[in-house]
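Dear colleague,

Please find below the structure that I am handing over to you, with its sequence. My notes on it follow directly after.

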Amino acid sequence: MTVQTVPYFVPTFADDAADAVLDALRSGWVTTGPRVAAFEEEFAAHVGAAHAIAVSTCTAAIELSLRALGLPEGSPVLTPSLTFCSAVGVIVNARLRPVLVDVDEHTLTPSPETVAAAVRRAGKPAAMVVTHMAGYPVDAKELAAAAGLPMERIVEDIAHGPGGTLRGAPVGADSYAGCFSFYATKNLPIGEGGAIVTYDADLAARLRAMRLHGMTKDAWKRYLPGGSWRYDVAELGMKANFTDMQAAIGRAQLRALPGMQARRAELAARYDDALTGLPGLTLPQRPATGHAWHLYQVRLADRDTVDARLNDAGVGTSVHFIPVHRLTAYARLLGAEECATVPVTDRVADELLSIPLYPGLSDEQQDQVISALAGALGGPPC
Ligand SMILES: *Cc1c(COP(=O)(O)O)cnc(C)c1O
């Protein structure tokens, strides 16, 4: 058996995260309480957004955002297929209809051209999910214009942020509904968790209720001194609240985030330098500024062979993503005709390979990835 010396991913936790969890536990507030409120304030400030609503997952963040749009059942929602399956699943769960949009082969995100083409093919959508793939900062306003939609119909999947910037502002600062993930492998790992950021005070108030069954008051508000057990449910919600245990870790992680992002950027630059010119390999596209470097995705003509050789050399890899329309349940749900509308996605999906990129990756480990990749491309290893 090959010894894996460079795992694909290892999470980094701030030194003070463990003590923060114990403090939360000992405080008696283990579900949504004061630490959640503090985390929301700090996260909103970090992103430069007016409001942040912390929720259980990014999947729930996207579903709640879509439900909050209040669209008629069956309304078409544009989404890339080159994304995580749950981001399309929630469109269905919100009783809306996914319509696929192709990606630009360099940025791996939809472009104004691919959005316009999807609108010509399928008609004007009611809403659109914009995915900031790998941390590449997408201009959501430009895509909204291409779809003929106002920003109030755009849900941004920023699971691969935070850390990206666009025109000098953090990605999410201009979002109507910007959805983040704090899943174990993401840039701000908590284990599980998510958040929605918005400039809209009404949307923020509704999402705050909708994340906990639609109740107009959460437990923290009901049981504060002077609080009351009375509440109402004005609109249906989900059980998707964030806990003080998660918030305790999140606050510590947020303080560590700038350092972790700097290391990601440094590693990405080292990969760029070392891998430039290798035969049969295409580097990820660099935006002018502001990549969040969640993933380092190379494109390889013979991806599966190179992948096997890397694994033999003890290097872990991943693929982001198997296009959603190729997954059995989604293929059935979308139908063969819809699945045939994203040729660029189909082509690049067979070439993509994600190689290790995380703050805890050492220079020595990265050098091992680089030489394994060079060896794999240079012919059979001896
Ligand atoms: C991880 C991920 C999600 C889901 O995030 P969770 O917090 O695990 O629900 C959604 N979209 C994309 C693009 C992702 O990578």
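A polar backbone atom of cysteine 58 lies 2.9 Å from an oxygen atom of the ligand. Please bear in mind that this is a predicted model. The side chain of threonine 59 also takes part: one of its N or O atoms is 2.5 Å from an oxygen atom of the ligand. With aspartate 157, the ligand atom concerned is a nitrogen, and a polar side-chain atom of this residue is 2.7 Å away from that nitrogen. Of the 380 Å² that the ligand exposes when taken alone, the protein buries 93%.

A separate point concerns charged pairs. Side chains of opposite charge can pair when their charged atoms come close. The whole structure contains 22 salt bridges. One of them joins the side chains of lysine 141 and aspartate 174, with an N to O distance of 3.7 Å. This pair links distant parts of the chain, the two residues being 33 residues apart. Lysine 141 belongs to helix H6 (residues 140–147), whereas aspartate 174 is in the loop between strand S7 (169–170) and strand S8 (177–181).

With kind regards

Notes. Residues numbered from 1 in each chain as written. Predicted model: local features only at pLDDT ≥ 70, side-chain atom pairs only at ≥ 80, totals over all residues. Heavy atoms only, no water. Polar contact = N/O pair within 3.5 Å; in protein donor to acceptor, adjacent residues only side chain to side chain. Areas by Shrake-Rupley, 256 points an atom, 1.4 Å probe, with all protein chains shown as cover. Salt bridge = Lys/Arg side-chain N within 4 Å of Asp/Glu carboxyl O. Helix = DSSP H or I, 4+ residues; strand = E, 2+ residues; numbered from the N terminus.
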